[in-house]
Amino acid sequence: MQTKRILSAIVVSSMLAGLSGILTGCGSTKVDIFSEVSLEFSGYDGYGTATFYEDDWLDEIEDEIDEHLSNKERLEIEDAIVFSCEPTEDLSNGDTVTVSVDVDEDVLDEYKLKLESESTTFTVKGLDEVEEFDPFDDITVTFSGYAPNGSASIEKVSGGSGLDLDFELDTSSGLSNGDTVTVTVSYSSWANNYDLEGYCLSKGMAPTATEQTYTVEGLASYATALSDIPEDMLTKMDTQAQDVIPANISSQWDSENGEIFNGADLLGYYFLTTKEGYESNSLQNEIYLIYQINGDWTGYSEGDAGTFSYYYYVKFENVLLLDDGTRSVDLSVYDYPTWHGVEVTSYICNDEMSFYYEEAVGIEQDGYTSKESMFSDCVASKLDEYSYESTVE
């Protein structure tokens with residue numbers, strides 16, 4: 001019985017010695033583990049992916065050493081060799097992908113193993129061609145309104161890519177010429193995990209860009225100074241006002257009793273423009289043409305006569321500076337006094353807020369008895385929101 005145990009020990013010892021001679025004997029066994037790895041390429045040319053597959057390269061080691069490894073030995077060697085693959089995305093046919101290993105040399109030395117190489121390369125091939133397209137050919141960006149409150153909008157055009165794409169502006173309001181806006185394209189369906197590139201590639205297409213910048217142009221702006229308005233436009237305003245004045249005050253004149261309109265003298269201008277923070281006002285600028293109205297009054301009785309004058313305005317609004325350098329204003333849109341601020345007699349004109357003399361006869365006129373009262377009404381009452389210029393002395 002004792003002899004059998006000794007023999008058994010001798011046999012086990014001989015087996016281990018044989019394995020040790022193979023694994024740890026003089027010299028190292030060279031192993032080509034890359035013969036057991038492979039790459040699979042999929043997708044489209046320029047957008048391909050590489051998938052790395054490790055076959056059982058430990059079998060290759062066992063074949064080289066001609067011995068079966070225990071589970072413990074296999075795990076130690078497997079942990080000592082870590083594979084990596086680079087690059088794996090955005091691949092094109094003809095690209096090179098490198099598979100390399102990070103080696104724990106101490107473990108391999110323990111087993112007297114040496115790798116023939118620590119990297120190898122694969123050439124990308126077999127990727128399908130993809131149709132590239134510019135997604136921004138699917139839209140037009142339009143600018144409208146008036147600076148500095150211009151707006152931008154996106155419209156899809158017919159005959160585009162045919163894909164279900166979404167476009168978004170980073171800024172769509174408060175725009176002036178020269179500003180820039182950026183449009184971003186995306187895919188907003190959960191069905192493709194909101195993946196724009198993946199969705200496009202599923203259709204055999206690939207976007208050449210995902211955002212594009214547009215420069216704001218073509219917006220008209222509002223005049224901000226009286227000097228912005230050329231003389232020929234001021235002349236046209238005066239011509240229109242000279243027609244407006246008699247047409248609107250004629251009903252207040254009693255020509256049968258000697259009340260005669262003797263013309264309107266242009267005294268100058270009030271120009272108002274919005275202050276910062278009030279750009280949303282409907283009236284961005286106002287220009288008042290200030291007039292002195294002249295008249296004669298001969299009275300109701302013989303010998304009762306006199307002259308009179310008072311102040312009046314015709315206002316135009318929102319004078320525009322067009323993108324081509326010209327100016328524009330709608331002369332059909334105007335305003336003028338519509339309350340009786342002046343009483344006309346043979347000897348006096350009283351402000352509406354003043355008392356009327358008992359001797360006063362005649363009619364009331366729309367307007368102002370003084371330039372000061374007109375300035376207060378037209379300008380001073382708006383100074384919280386508007387800046388002004390005046391050429392009226």
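Visitor: Which residues does Thr180 touch, not counting residues up to four places away in sequence?

Guide: Leaving out those neighbours picks up contacts made across the fold. In this predicted model, Thr180 touches Thr213, Tyr214, Thr215 and Val216. Take Thr213: it sits 33 residues from Thr180 along the chain, yet their C-alpha atoms are separated by 6.5 Å.

Visitor: And where does Thr180 lie?

Guide: Look at strand β13, residues 180–186.

Visitor: Is Thr180 buried, exposed or partly exposed?

Guide: Partly exposed, because its relative accessibility is 47%, and that class covers the range between under 20% and over 50%.

Visitor: Let's move to the sheet with β19 in it. In what order do the strands come?

Guide: The general idea is that strands of a sheet pair through backbone hydrogen bonds, either parallel or antiparallel. Here you have 4 strands in an open sheet, ordered β19-β18-β17-β25, with antiparallel pairing. The edges are β19 and β25 (386–390), each pairing on one side only. From one strand to the next, the twist averages 30 degrees.

Visitor: How many bridges join β17 to β25?

Guide: There are 5, and β17 (residues 259–274) runs antiparallel to β25. To find your place there, look for Leu272, which stands opposite Tyr388 in β25.

Visitor: Which helix packs on the sheet, touching β17, β18 and β19?

Guide: That's α6, residues 231–249, whose direction makes about 45 degrees with that of β18 (285–297). Helix α7 (residues 371–378) is worth a look too: it lies across β17, β18, β19 and β25, at about 40 degrees to β17.

Visitor: Back to single residues. Where is Asn318, and why does it count as buried?

Guide: Asn318 is in the loop between β19 (306–317) and β20 (320–321). It counts as buried because its relative accessibility is 18%, and the cut-off is under 20%.

Visitor: What lies around Asn318?

Guide: Not counting residues up to four places away in sequence, Asn318 touches Tyr222, Ser282, Leu283, Gln284, Asn285 and Ser328. Zoom in on Ser282: its backbone oxygen lies 3.1 Å from a polar atom of the Asn318 side chain.

Visitor: With which side chain does the Gln365 side chain make a polar contact?

Guide: With that of Tyr310, at 3.4 Å.

Methods: Residues numbered from 1 in each chain as written. Predicted model: local features only at pLDDT ≥ 70, side-chain atom pairs only at ≥ 80, totals over all residues. Heavy atoms only, no water. Helix = DSSP H or I, 4+ residues; strand = E, 2+ residues; numbered from the N terminus. Buried < 20%, exposed > 50% of the residue type's maximum accessible area, 1.4 Å probe, protein only. Polar contact = N/O pair within 3.5 Å; in protein donor to acceptor, adjacent residues only side chain to side chain. Contact = heavy atoms within 4.5 Å. Pairing = 2+ DSSP bridges. Axes fitted to C-alpha atoms, helices over the stretch in contact; angles between N-to-C directions.
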